[in-house]
Amino acid sequence: MATGRGRLLQQHWRGLQALRLPPGGVGAAPGPAGFSLRQCAGRGRLRAESTAERSVSLDSMPSEVLLKIFCNLDAVTLLCTGCVNRRFYHLANDNFLWIRIYSAAFSPKRSNWKVNSVEKTAGSVNVLSVKDKEAGYWKREYIAKQRARVRAALAQVLKPVNPYTGLPVKTKEAVRISGLGWVIILKEKNGKEHIMEHIDLSINDSSVTIMWYGKTWPRLATLSTLDLYGVTPVFMDQSKTPSKNGPRWHSLIAKYNLSNLTESTMIGGDRLLRIFCLCPGLLVGLWKREEELAFVMASLHFHQLVEKSTLGSATVPYELPPHIPLLDDNPEYGLHGYQLHIDMHSGGIFYLCGTFRNLFTKKGYIEDGYVKIVVISFKNNTEHLPLIGKVGLSWRTDIFDGCIKSCSIMDITLLDEYGKPFWCFSSPVCMRALGPSDGPSFLGQTSCVDYVDSEGKVHVELVWIKETEEYFIVSLVLYLRIAKINRWFGTAY
């Protein structure tokens, strides 16, 4: 960091002063024979005091000298220098510094007709555009243009779309080249903040799972909120590995109220901890004995993931562009042609991965503000699907790890008839017992999985098969909000 660089320069300068040789050089004769240890100590104090008086700190230099030094810094170092103190911040905002950097990065391409040096271009712009602009104007302009360059590069990477899921094919590559990471900021009731970098990252077929854990969690009773951010380097350089020590852009994804960790949000547990689910897609693990934080897990769907994690600000989340409905005079418009892709997984293990096409519903299925779409019918045995393996949600900390039975991550991607993502989410879910089955004796207990958000609901019913010791999905139903359908298709159901 910039403060570390300044401190190192000061220590280096003082070290050079302290190592000055005595008069006469290396071969100079020592003091008289009767020179005592006390006299040596006294002389050492005098030399230390005189050295301290002669030492020069960067902060004591005239502003003109510092600006001359700052002229040789690149954009990243200059931004870090502005974090040292208030004086350095104002000096590092100087428009003459940033107009040079801006001109070097965005000056017109050379041609055979005329070639202008960076100094000449900067000089011509300085006269017209520096004196009449407030301090920091050209720094903001440079950062804004660099961010626009990053957005354009990411848009090109995310352009190819998977025809089966309707999601970008190269999301993993976009995460890599942008240096994208995720942090959580835990805020105490007294205003103190704790910033935690993600520890583990798992990229799945249609979502990313992020883990935070450690030994230095603040006490849960002191915390008020948890904020989830995407972080990227302010300046993207594909030739270099992104650094966590440089200036980074924070994009707010979601805010969570930690006081809402109640029995109603608990979805499961094991002998060591309990887990609580907060919408959207956050899982909080608490140790059973201490009722303190063990880990935090976030599950983020690929739909608009990169945009949400890079294009928001530190205070305002990224706002999705408005959807323009394509009007149609079909009386059943907006009620047919859906395609569903569903995954259930944890820790890299997939229990279910299925795609269902040509889904439809009817006006008669509209009830209580929802329309019902049956994906798997209980009456049609040929549609029933097994869950592969023993279902469980894997967790880990720096000391323990485990697996919570009957819990997993569910990813839903629902496409409209044009293949555009209509409803997408990734969230922890848990199977809950409904009671014994009314079917044949080889059928065991019946369970269900439910999910609800502002756009719809998912209801899954499963039956435990004793003979094969596996779950079968015997019913899968989506409930879409009519208000969402009307906004999306321009209808008036």
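Reader: How many bridges join strand β1 to β5, and what makes the two a pair?

Author: The model is a predicted one. Within the model, eight bridges join strand β1 (residues 181–188) to β5, and the two run antiparallel. Pairing requires at least two bridges, so β1 and β5, with eight, qualify as a pair.

Reader: Which strand pairs with β5 over nine bridges?

Author: Strand β6 (residues 248–257) pairs with β5 over nine bridges, in the antiparallel sense. There, the bridge partner of P233 is R248 in β6.

Reader: Why is β5 described as largely enclosed?

Author: Nine of the 11 residues of β5 (residues 223–233) are buried, so the rest of the structure largely encloses this strand. For the protein of 493 residues, 43% count as buried.

Reader: What is the order of the strands in the open sheet of six, and what is the sense of their pairing?

Author: The order is β3-β4-β10-β9-β8-β7, with antiparallel pairing. Strands β3 (200–203) and β7 (266–269) stand at the edges: each has a single partner strand, so one side of each lacks a neighbour in the sheet. On average, neighbouring strands of this sheet are turned by 20° against each other, direction ignored. Within the sheet, β4 (residues 207–213) and β10 (residues 293–301) pair over seven bridges in the antiparallel sense. In this pairing, T209 has S299 of β10 as its bridge partner.

Reader: How do you know that the length of helix α8 agrees with its number of residues?

Author: Helix α8 (residues 137–157) has 21 residues, which at 1.5 Å a residue should span 30 Å; the end C-alpha atoms are 31 Å apart, so the two values agree. Among the buried residues of α8 are Y137, W138, Y142, I143 and L154, and also K139 and R147.

Reader: Why is H384 called buried?

Author: The relative accessible area of H384 is 15%. H384 lies in the loop between β14 (370–376) and β15 (385–386). Leaving aside residues up to four places away in sequence, H384 touches I376, S377, F378, F472, I473 and V474.

Reader: What makes the approach of S377 to H384 a polar contact?

Author: The backbone oxygen of S377 lies 3.1 Å from a polar atom of the H384 side chain. The limit for a polar contact is 3.5 Å, so the separation of 3.1 Å falls within it.

Reader: Why is V161 termed partly exposed?

Author: V161 has a relative accessible area of 46%. Buried means under 20% and exposed means over 50%, so V161 belongs in between. V161 is placed in the loop between α8 and α9 (171–178), and it touches G166, L167, P168 and V169 when residues up to four places away are not counted. The C-alpha atoms of V161 and T171 are separated by 9.9 Å, although these residues are 10 apart along the chain.

Reader: Where does pLDDT stay under 50?

Author: The protein averages a pLDDT of 83, and 80% of the residues score at least 70. However, pLDDT stays under 50 over residues 15–52, for which the model has 10 contacts beyond four places in sequence. Residues 111–115 also have a pLDDT below 50, and this stretch has one contact beyond near neighbours in sequence. Where pLDDT is low, the predicted coordinates should not be read in detail.

Conventions: Residues are numbered from 1 along each chain as its sequence is written. Side-chain values use heavy atoms; hydrogens and water are left out. Helices (H or I, at least four residues) and strands (E, at least two) are DSSP runs, numbered from the N terminus. Axes are lines fitted to C-alpha atoms, for helices over the stretch in contact, and angles run from 0 to 180 degrees between N-to-C directions. The expected span of a helix is 1.5 Å times one less than its number of residues. Buried means under 20% relative accessible area, exposed over 50%, partly exposed in between (1.4 Å probe, protein chains only). A polar contact is a pair of N or O atoms within 3.5 Å; within protein, one must be able to donate a hydrogen and the other to accept it, and residues adjacent in sequence count only if both atoms are side-chain atoms. Contact means heavy atoms within 4.5 Å. pLDDT is the predictor's confidence in each residue, from 0 to 100.
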